[in-house]
Amino acid sequence: RLPDGTVVLPDNFIPMAEATGTIHAITTCMIEAVLRDLGPHLAAEPAMHVSINLSPDDFRARDTLPFLSTARSK
């Protein structure tokens, strides 16, 4: 959200995050937030799923797969 409360839509900030190299940090924060907020529910309800889009930078980052593997086992 902007200071005035306006919601900034992903199509406005994702290209900027990709261009500035901050998209991978955003993805990591999103995964951590999903696990923190929904982790117990996801563990208790195997049929529940959450999807998170990954950027090409996430696939290029060497820590993505180890991070996801570690996050999954928590």
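## Pocket and lining

A pocket is an open set of points, on a 1 Å grid over the protein atoms alone, with protein on both sides within 12 Å along at least five of seven lines, and its lining residues have an atom within 4 Å of a point. In this predicted model, local features need pLDDT of at least 70 and side-chain atom pairs count only at pLDDT 80 or more, whereas totals for chains, interfaces and linings use all residues. Residues are numbered from 1 along each chain as its sequence is written, and side-chain values use heavy atoms, with hydrogens and water left out.

The second largest pocket is lined by 15 residues, and those nearest its centre are Ile14, Ile23, Ile26, Met30 and Asn53. Two elements give two or more residues to this lining, namely helix H1 (10–20) and helix H2 (23–44); helices are DSSP runs of H or I with at least four residues, strands are runs of E with at least two, and both are numbered from the N terminus. H2 supplies the largest share of the lining, five residues.

The volume of the second largest pocket is about 320 Å³, where a volume is the space filled by probe spheres set on the points, and grid points are joined across faces, edges and corners. By class, its lining comprises nine nonpolar, four polar and two charged residues. Here Ala, Val, Leu, Ile, Met, Phe, Trp, Tyr, Cys and Pro count as nonpolar, Asp, Glu, Lys and Arg as charged, and the others, Gly among them, as polar.

## Overall architecture

The protein has four helices and zero strands, and its pattern along the sequence is α-α-α-α. Its radius of gyration is 14 Å, while a compact globule of 74 residues would have one near 11 Å; this radius is taken over C-alpha atoms, and the globule rule is 2.2 Å times the number of residues to the power 0.38. Taken along the principal axes, the C-alpha atoms fill a box of roughly 35 × 30 × 15 Å.

Of the 74 residues, 16% count as buried (buried means under 20% relative accessible area, exposed over 50%, and partly exposed in between, with a 1.4 Å probe and protein chains only). Among contacts (heavy atoms within 4.5 Å) between residues at least 6 apart in sequence, 52% join residues at least 24 apart.

## Buried positions

Which residues does Asp58 contact, leaving aside its neighbours within four places in sequence? They are Ile23, His24, Thr27 and Thr64. Asp58 lies in helix H3 and counts as buried because its relative accessibility is 0%. The C-alpha atoms of Asp58 and His24 are 5.4 Å apart in space, although the two residues are 34 apart in sequence.

Thr27 belongs to helix H2 and is buried, with a relative accessible area of 7%. Beyond its neighbours within four places in sequence, Thr27 is in contact with Leu54 and Asp58. Ser55 is placed in the loop between H2 and helix H3 (56–60). This serine is also buried, with a relative accessible area of 6%, and, with neighbours within four places set aside, Ser55 is in contact with Glu18 and Ile23.

## An exposed position

Arg1 is located in the segment before H1. With a relative accessible area of 74%, Arg1 is exposed. Not counting residues up to four places away in sequence, Arg1 touches Thr6 and Val7. Arg1 and His24 are 23 residues apart in sequence and 20 Å apart in space, C-alpha to C-alpha.

Methods:
1 Å grid on protein atoms, 1.4 Å probe; cavity = no way out; pocket = protein on both sides within 12 Å on 5 of 7 lines; lining within 4 Å.
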